[in-house]
Amino acid sequence: MSSIVAGPESASTQQLVEAASVIFSELADRAAPESGTACMELAEALSTVTDQAEHVLAGLIAVVDRTGEMKHWGLPSTQAWLRCRMGMREGRAKERITLARQLHRLGRVDKGLAAGELSFGYAATIADAVQRLNDDDTAAAEDILLTAAGEGLSAGKVAKLGGKIHDLVREHNGEEKPPEDVQRGYERSWVTVSRSLDGGCYLKGWLNPEDTAILDGTLAPLAKPAGVDDRRDLGERTAAALTSVLAGGHGATRVTVIADLETLAGADTPGRLRDGTPIPAEQVRRLALTAGVSPLIFGRGHVPLYLGHTVRIASAGQRRALETLYDTCAVHGCEVPGFLCEVDHVDGWALGSPTDIDKLTLCCGWHNRWKHTNPQQIQISKTDGRYIYRTLAPDGIARARRSTPEPGANPWHHDQSLAA
């Protein structure tokens, strides 16, 4: 155990974080005790400490989120920062962002998490439940959900209550029950159509997460602006996309078969679908002649055959080739789907320069603009025919992770002794 000369109350936040790193590094090097009872007690105590650390992390994330600091580092959002720099899964990142944004509205949750009296699981669940409520309803919801947690309900069951929090708040406030369509809950999708006297109609409804994914995958590509002169807002473009699908103007999902030129010429090299599913060479040759199947032919070196040349805008064929090569934005760590990205000229474009497939990639709209306004912060490499963009620090230098302080190094004071 370290003997600290300067107490933690006089240390800076950075020094305290470094001290915590020293302690956890030391713990990580130690084997767990043989006693199961001892391990249970230590695990529960350590869990309380990590919950308190989550409170600190929420405060730090809140400042980064509020100031937009991550954008100076080539990261378009707080979620992208947590995923790329901290290695968080999408769900974990969203959970922490929600807590960071809502904690200031949840006084009792804030104090309980900071004191180690409320777990991160409960705190994150309550924060998620109140993010769409006004301040008055948030206070009522906090009371309802903390009461449920205090009565021994698991975090999972509290989360289920959170899904019905609008109804519970109304009941808590003595208000009448919500309309029947709201009482259906959040697991089943529903849509109602109310016709107006002029022949139009109003749509109202709710889609569960699975159906929302289908909606996004179908309408989002069709709802993009038609060009620089498209003055419609997103709502108008989405309505046009929906009517296009309903009218049959949107064709069925295209199947893309990827194969080498030699395969079509009779070689036995198999092809594949976009998800990697292998296709026997003979079947590839049959599919290449089938209506509704889009063949993408590769030459040597995994380079797609040229499908367009000297025009500024990439051709439809080139875009299909790029969407097959790039599942997501070319920027490392960015997970915007390729079909929602823009075609980017890797070396920039000037009048008369080629728009060749091996000089194009896909970039999300945010990173496409950022790349061309911050060229000194982009590092470009190419592997197996695919470009990879890596964002650099504002000074143009790749940022390395800060090394963990050596065990025994005192982050608070130069005079420190370690006891065995």
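In the predicted model, Asp344 forms a salt bridge (a side-chain nitrogen of Lys or Arg within 4 Å of a carboxyl oxygen of Asp or Glu) with Lys371, and their closest N and O atoms are 3.3 Å apart. Asp344 belongs to strand β8 (residues 342-345) and Lys371 to helix α15 (residues 365-373), so the pair ties together parts that are 27 residues apart in sequence. Helices (H or I, at least four residues) and strands (E, at least two) are DSSP runs, numbered from the N terminus. Both Asp344 and Lys371 are buried, where buried means under 20% relative accessible area, exposed over 50% and partly exposed in between (1.4 Å probe, protein chains only).

This is a predicted model, in which local features need pLDDT of at least 70 and side-chain atom pairs count only at pLDDT 80 or more, whereas totals for chains, interfaces and linings use all residues. Residues are numbered from 1 along each chain as its sequence is written, and side-chain values use heavy atoms, with hydrogens and water left out.

A salt bridge also joins Glu323 to Arg319, with the closest N and O atoms 2.9 Å apart. The two residues are four apart in helix α14 (residues 316-325) and are therefore separated by about one helical turn. Glu323 counts as buried, at 16% relative accessibility.

Glu26 pairs with Arg30 in a further salt bridge, in which the closest N and O atoms lie 3.4 Å apart. Glu26 is partly exposed at 32% relative accessibility, while Arg30 is exposed at 54%. Salt bridges also link Glu54, Glu95 and Arg96 in a network. The count comes to ten salt bridges.
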